[in-house]
Structures are given as C-alpha cells and as structure tokens.
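Subject: Structure handover

Hi,

Here is the structure we talked about. My notes follow below it.

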Amino acid sequence: MRRKLILLFGLMLMIGLLISGVALAQDGTPPPPTARPVTSDDVNRIARQMYCPICENEPLDACRTAACAQWRAQIGQLLSEGQTESQIKQYFVERYGLRVLAEPPASGVTLWLWVLPVIGLVIGGAYVVILMRRMRARNTASVKAAASAPKLSDAGDYAQRVERDLKNF
Amino acid sequence: MSESEVDETNAEEQPARSPLRRYLPLGLVVAFVAFLAWGLFTRNETQPTSGAAAPDFTLALFNDYPGNIGKTPVSLADLRGKVVLINFWASWCIPCAQEAADLQAAYQQYKDRGVVFLGVDYLDAETDARNYLKRFNIDYANGPDLGTVVSGRYHITGVPETYIVDKAGIIQFTKISPVNQAELAAVFERLLK
Amino acid sequence: MIADLGLIALVLAALASIYSLVTAAMGGRTKRADLIESARRAAVMIAPLLTLACLSIIISNLTGDYSLEYTYRVSNDTTPTLLRITALWGGQNGSMLFWCWLLSWYVFFTFLRPWKSNLDLQPWVNFVAIGTQAFFILLVIFYANPFARLWVDAAGNVSAAVFQPAGLRAYIAPDGTGLNPLLRHPGMIIHPPMLYLGFVGLTIPFAYAIGAMLARNKTDSWIRASRRATLIAWLFLSLGLLLGARWAYDVLGWGGYWGWDPVENSALLPWLVATAFLHSVIIQEKRSMFKIWNMVLILLAFCLMVLGTFVTRTGVISSVHSFARSSLGVPFLLFVAIVFVGSVGLMIDRSNLLKSENKLDSLFSREAAFVLNNFVFVAITFTVFVGTYYSMFSELFTGQKLTVGPPVFNQLLGPQVAVLVLLMGIGPLVAWRKSSPEALGRMSWKSALLGVGVMIALFALGIKPFWVLLGFGLIGYTAGVTFSEYWRGMRARHKLSGENYPTALTRLFQRNRRRYGGYLIHVGVLVMGIGVIGSLNFQQQTQRSMEPGSSVTLGNYTLTYDHALTCDPTSTMPPDCADWYKDRGRDIEVIAGYFTVSQAGQAPVELTPYREVFLNNTGELSPPGVLTTIGEDLYVIFLGEQSGFGTVKVFINPLIQFLWSGGIVLVIGTIVAMWPSAAERREAVTMPERVAVRGVVQ
C-alpha cells in the first residue's frame, strides 16, 4: 500500500510541478522605469520575448533585418510614451497576430499548447500506474514463492552483486 | 539470457481486444499522415497566377488614405466592375522605394478611369509607413495588412509584389519585383478596353 | 565526363538496391539460401557504387565543371579546395546523395559478411534496410539529381535537366555562384554529417525491428544487435546536436546555443526516443519483458527521424534552417505514409509475436524505475512534439499562425527534466526484481545530504530562484549517487581481489563497459545540466552604442571600443582588410569591431567580434568575440557602425563551459559503452549457431 502511495505521490508531485511551472510563468513582469530615457536594453528586454515574421524562429532582439529594426524602434517609441510591456505586446499582437509572441497566452486557441502536454502526462501517468499494478498483481503469487531479494546492507553484498551482474552480461 | 523465449502457452491469456482498441492507433496514424499531406499542400500552394480568380480579402484603410475608394474597410468583392491594382509594400523595403513614384504616377493617370489602387502595407510600423507614404506623396488607398491575412492569401514571397485584377475579379498581371509606369499603363489600357 | 561516370554509378546503385530488395523478399518467403545470399551481395555493392558517385561530384567541384548545375550552385573559382569537397553536402541535391552514401555504409557493414546468427531475420532486415536505401536513391535520381546539367535555349534561358531537352543546347556557366556563405564555417561543415550519420543510423535498428516481425521471429536475440546499432546512431545524433549547439553559439551571434527551432527539435525528437529505448532495452535483455514497448520505441525513433527530414526538406514547417521548397514533397510524403502506416499496421497484425510475460515483482524495483524513466522520456518527447507541431495544428484549425518559443519549452519541460534527473539518481540504486525504500535510503542518504548541502550553500551565496536551487540540488544528489556507484564498485573489487584502486576502476570499466560507460554518460548529462541551468537563469546582457575610446561595464569586465573596420570587397578596401580575406570569399562583406577587455588585476585582452554580410542577400553571420574562463564566457557581438558610433551587444554567459565539457564526457561515455568487450566478441561467435538452428526450425 505504501508503495502505491509513494508512486501516486511521485506522480502527483510531477503533475503539480508541471502546473506550477505553467502558473509561475503567468506572473507579471515589473513595468519599465519611465523616469529615464529608454535604452536599448529596455527595448531588448521586450524584443527578446517576441518574434518578427521576417525572421521566423529568430527572436526579435537578434534579428538583423530592416523590418525588425523598425519593430524595435517602435517598441522604443511606445516605451517612451510610457506604455507597459504588456500593452506593447498587445499592440503588436493586434497588428500582426499571436505569432509575434514567443510565449503564446494560455487562453483561446493557444490554450491547448499548454494543456495538451499536461493531459498527455495525466493520461500516460494513469495508464502507467494501472499497467504497473496489473503487472504486479499478475506476479503476486510468484513473489510469495520466491525468496525475497537479497539485502544490500554492506560492501560485501555489493561485491557479490557486482560479480553477479558481471556474470550476467 | 537473451535467448530465453516466452512460450506461447506460457504467455498470459489475454482477452480478445475490441476492434476499436486494436485499430485506434492505426486510425490516429492515418489521420496524422492526412494532416501532413494537408500541411504539404497548403505550404506548396503558390501565388495566384494570371487567369486565376483573385482571392478576396477585407482591408481596413489608414485613416487619411481612402484613395478613390471612399469607404473603409473595403473588400475586394466590393470593387467588382473596376480594375484593381493590389500592391504589397513596406517602408523597410528598399526596392519598394524604387517603384513608389511610378505607382503614384500611374495612379494619377488612371484614377478617374475606373482603376482602383490598393496599397497593402506588410509587417510595418504605422509611423514609418505614414512617413513613407508622405515621402512619396502617395494618396491612393492604403491599409495595413493586419495579422498578415491578405499577404497570406496571396502567398507573397516578399515585397514588393503587384497584382492587377480585371473588372470580373480575374488576375491579369502579377509581378514580384518593382513595377514601372509604362508596363502598368499597358496593362490598364488593355483591361479598360 | 567524370559526372557521367557518377551518374552511371548512381543508376547502378539504384538497380542493385532494387534487385536486392526483390531478392531479399523472395529469399525471405521461400527461405532459399542462394536468394538470400544474392540479396546480401547486391546490398554490399551499393556503398562502393555510391562512393564513386560522390567522388565524381567532388571531382566536378574541384575541377570547376560548371556544366553541372550542382557544381555551378555550390562552388566557384575562388572556393578553397576544402570547401569544394565539403560542398558535396552543401546543397539540397548533393546532401541527399551524401545521405544515401552514409546509409549505404551502414548497410555495407551490417551485411558485409553472411550472418552467423539470426539467419531467419537476415533477408527481412536486408529487405527493410534496402527498401529505405532504394527510396532515397530513387529520390535522388528523380527529384534531387546532383548530376543534372545546364542547358540553354535559343532565347538564352538556362535550365537544368539530366538529359538534353529537345531544342536546347548544352551550357557551361563561366563561373559558379559559390557555396552558401552560411555553410562555409567549419562548424557547419562537420555538424550536418554527424547529424545525418545519426539519422540514417536509425535505419538499422528499424530494419531489425520490422525484419523480426516480418520473419515472425519471437526471440529476443535480434534486440542485442539492434541495441548496438541504436547506440551508434545515438552517438552521432548526440554529436550532431552538440556540434549544432556549438555552431549556433560560435557563429549565429544571438548569445544562445539552442533556440527550439523546428529543425533542432526534429533532431531532438528521435534522440529522446532512442534514449528511452536504450534504457528500456536493458529490461528486455535481462528480463525478457516489454517486447511491444521496445518495438514501439524503435519504430517511433525511425518514424520521427523520417518525419523530421520530411518536414525540414519540404518546408512543411518553416525554419531558419529549412532548405528551399522543393519537389521532394509528394514522394517523401508517400514514404512517410508507408513507414508510419506500415509500422503500426504490422505491429497490430503481428502483436501475438510480441507477447511477453510482463511481471513486476515489486513496484520498487529496477524494472519499475525503468518504466518510470521511459514514461518521463516519452512525456518529454510528447511535449517537444506538441510544441513543434502546434503551429501547424493551429494554422489548420483556426488559420492562426503561432510561434512556440523557448519560454514555452523551458516551462513545460523543466519539471519533467527535473524528475528525470531524480530518477537518474534513484534507478541505479534499486535492485532488479525487488528492493525497498529502506535499502534506497541506506544507499543514498549521503548523496541526498550532498544535494541538500548544495542547495543550502547556493542559497547562502544569494541564489534565490526555487527552480535553480532545486535543479542544482538534484544534480548534486544524482552526481553523488553516480560517483558512489563507481566508488562502491572499485572498493568491492579492491576487497575481493586486492587490486589497487586505479586498476580496480579500469577493470570495472573493462568488465562492464555498458554499465560504467552508461554512468559516464549520466555524469556528462549532469555536467551539461549545470551549464544549462547557469546560462538559462544567470545570463546578463547589455547593448550600447559607443564612440571610439568609450567603455561599457558588465559584471567584472570593462569593454573599451577602439575602432571599426568595414571591408566591402566590391570597392577598394583599407589595407587592414587584407587579413580578413586570406581565405574568405569575395562575396562576403566584413564589418569588424576592435575592442579591449580589462578586468581588475588582469592583463587586457583584445576581442574582435565581426559581422559577415553576404552580398547576395542570403543573410549574415555574427561571430562573437569571446573571452572564456571556467566560470563564464564574456561574449561580445558587434552589430555595426553608424556615424562614428559602434553598436555592441555584450553577454555574460555563466557556466556555459560546463555544457561543452559535459558534452565531451557524454561522448566518451557512449564510446566506452559501445565498445564490444572481450566477452561480447566471444559471444558473437558462439551464440549465433544456437539461434540459427532454431531459426530454421521455426
């Protein structure tokens, strides 16, 4: 029973981790400082999280094309107007679609991107648990019959195990 | 070890699987291959060529660039009965600047003879786009290609690209490099006959 | 002339592969030894023939035979000799031929000698391997022929075709267009062959798996051979991935090494599945369990490889790496369909062969640990798969294009990888059949303490993010377990035989290369993990426009801008440019920035990051200037100069050296694990006959 619990616990932990990972990601980011002039670093901080369709698969801050340079200038412009990071992203999403974001939001069409792996994990995990329990149930009788596994308490036993393993290879 | 073999008699008696469970993986795989085929064929769709019906679209125009259309948003279907030039451009595009003056000149020449010009601004920042339009004194209808929907429908491979659609909505001219006034005039004369 | 010879060799290779395919199928059906032998001989002929074909392309490149379209495209008069040779895989058509050639050598070594074991399998493995080979050769001949020549019509339009089209004259271009500048970097020269070797290498295990089902073979004996073949492919895949990451870091100039680009992902997917297989195959060998599952993994690895190749070669998913859209699409899709549907269909049809007695003595056993390990690997594979193909799905169902960038993958995969690392630290301690939490606790409490110690120490040093602490803690724990495995093995041998410790360690490796080589791979992965966590979480960067003489400070470094040098080969260049054009094509513009880095108490170092702008508008590279120390890289990219101001992007990439050195350890570990031990070599001679006899009886 305890083993089952451990197994279940492990699985829950894993799923919990995954979900909390997703949840953590949704945390807001601090608004850019507005008191000082906008620097390239301020622009890059936002551009890093965006993609310009001219350079597919290359983040906006790294892309060298004229179109992307213009986008970065636009980000600088919007920043100097005092817009926040999320407002700026929204500005680009409205004009060019969700493809500009490196991290699509977990809502609407893109919800499944986040949910599918979790569903896969849950279904797969449940299947593995059922399978392992069934495989064990199949064997309960023979376990009782068989001698219990050797205890590996000290180096002497381990040495035997090393030798035994070696012979098996 | 490796040659130990599981006797069939020894193997556990499994209940006969239902056909659904048996063939579900096959169905999934077939569906996936069909999906790939779809992906391949849409990817390999090419630009509409002369003689093909022009893909329809709706474009919201820039505020002060109604051109000779006079309404926004405008859809291509609304313009049936007119000759329509569709020009994909962007302010960051160097070859676009080569053709800008020719396009505007051709527009001046034909705007009162039933020809509509429609500039589709591709992946551009609005401020830069407006500066570009001012710089070349362009006053024909222009609008941003929001979400790259229009350019997607025409499968453009870059800017500039120009399409001319006749009164019946059929594409009669395409060019994927800068155009000049003379070649545009020749096409318009033919289509306005 | 030479090219004609190559074309003939290519066609002969195609004929040989078709002959071998047909004969192998007939031999397999009728069990006629002469047919089987004939199929094998035909299969072995392909490699030398394709070698001729490849050589003739290389010779065309070397002699500058611009009547050949391929040579025209990938070479020109100023291309250095080495690049003319490597241009063999510098273009779509040549790289397809190169792909065939690599596959043919796998086939060659698999069938070099008549098999002594698994005789019933031989014709069917031959059939599948050669089927794949034949497909790729035919693809080269009909859709991507590097032997196509240039022809010109009366109007002066040049086109390419293998045979003279009616009304066209032969055409010899005065000079070629030259190799894509992106592919001239040494990293890009060796990275694709490694990746290709990994990809095509997966054909052999696949052929074993399908062959075993076609032959209705119920034994496990083929799994050993397919394990080694998988390990070879895995080694090259790992090398290809590592070199690709290194190349991106050294040349692309965005401060990173892995962008979760669809092409990178499609190489990672088969690697992940192959890794899962290499673990779960151990259970089948030891306990004869999970036959179906192992079959699924082998087939899946190959399918994902074919899928990745299809997707990248035909532009179904766009990527910075993608080859030009091509006519390969439809035939390739057909092949994908045959492989996918055929694999699954065959498995369903032959599922009775794959029944195995899957018993678990305990949920706390090595077997169970392997099951969990496989579960996590498959979960990771699924996540990467969804991330890679999601944009295609969303475009189909909503018309919405999407980008799935690194943040998505990092968040979804982070926890899964953490669980995997934990399992890496538990698995080796859990005994086969049955163990207990108490035993695990006894064996690993010191390591657990080490892990917790690492976490506390890092926290005390001011590292706060929970995930980072957890990651380093897990690495500490698992490293503790792995090293104590070595230690325990050494001490056991020392006590048993009185060997001194170094000898004991050597013997340990000799006696069980697979296990201790495997642990070495684990160590490599852990070391790489340090680099990944460091570079993901502690990268610093800044961008500045600077006047000559001014400085920027990042971390402990002060970077002073000296001057810029612009070399445009199409006009007169400053004398300093001569250095840059010693072995660089004149179709590349170089813009270099000269910088000095100073650190407190250290001699200043000069860095010269530069941009290579390709004058044919195909793009550019930004090789960084890098100052490497054990702890971190100072990584400087020069963005260009405008009105006296040089723009520079400066990164500090912490712990990144761990990534590369861990990669080297991983490769060494793989080679150790792969090397046949003396015992295995003996076995390879004796075991077969027993199996062979039974093979005939069946």
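Chain C first: its secondary structure comes to 20 helices and 13 strands. Helices (H or I, at least four residues) and strands (E, at least two) are DSSP runs, numbered from the N terminus.

This is a predicted model: local features need pLDDT of at least 70, side-chain atom pairs count only at pLDDT 80 or more, and totals for chains, interfaces and linings use all residues. Residues are numbered from 1 along each chain as its sequence is written, while chains are lettered from A and ligands numbered from 1 in the order in which they are written.

**Chain C overall**

The C-alpha trace spans about 80 × 80 × 60 Å along its principal axes.

Of the 698 residues, 55% are buried. Buried means 20 or more other C-beta atoms within 10 Å of the residue's own; exposed means 12 or fewer; partly exposed lies in between; C-beta atoms are placed from the backbone. Take contacts in chain C between residues at least 6 apart in sequence: 72% join residues at least 24 apart. A contact needs C-beta atoms, placed from the backbone, within 7 Å.

**A helix pair in chain C**

Helix H2 (residues 33-63) of chain C packs with helix H6 (residues 122-143) of chain C at an angle of about 35°. Their axes are 10 Å apart. Axes are lines fitted to C-alpha atoms, for helices over the stretch in contact, and angles run from 0 to 180 degrees between N-to-C directions. On the H2(C) side, the contact includes Ile36(C), Ala39(C) and Arg40(C). The contact residues divide into 6 nonpolar, 3 polar and 1 charged. Here Ala, Val, Leu, Ile, Met, Phe, Trp, Tyr, Cys and Pro count as nonpolar, Asp, Glu, Lys and Arg as charged, and the others, Gly among them, as polar.

**A sheet in chain C**

Three strands form an open antiparallel sheet in the order S2-S1-S3 (chain C). The edge strands are S2 (158-161) and S3 (169-170) of chain C, each pairing on one side only. Strands pair if DSSP finds at least two bridges between them. Strand S1 (residues 149-152) of chain C and S2(C) share 4 bridges. Trp151(C) has Ser159(C) in S2(C) as its bridge partner.

**Chain B**

Chain B has 5 helices and 7 strands. Of its 193 residues, 35% count as buried.

An open sheet of 5 strands has the order S5-S4-S3-S6-S7 (chain B), with mixed pairing. Strand S5 (141-144) and S7 of chain B stand at the edges with a single partner strand each, so one side of each has no neighbour in the sheet. The twist averages 15° from one strand to the next.

Ile164(B) in S6(B) is worth a look. Leu85(B) stands opposite Ile164(B), and Phe173(B) in S7(B) is a bridge partner of Ile164(B). Strand S3 (residues 83-89) of chain B pairs with S6(B) in the antiparallel sense over 5 bridges. S6 (residues 161-165) and S7 (residues 171-175) of chain B are antiparallel too, over 4 bridges. S6(B) and S7(B) form a hairpin with 5 residues between them. In the turn, Gly169(B) has a positive phi of about 85°.

Best wishes

Terms used:
Contact = placed C-beta atoms within 7 Å.
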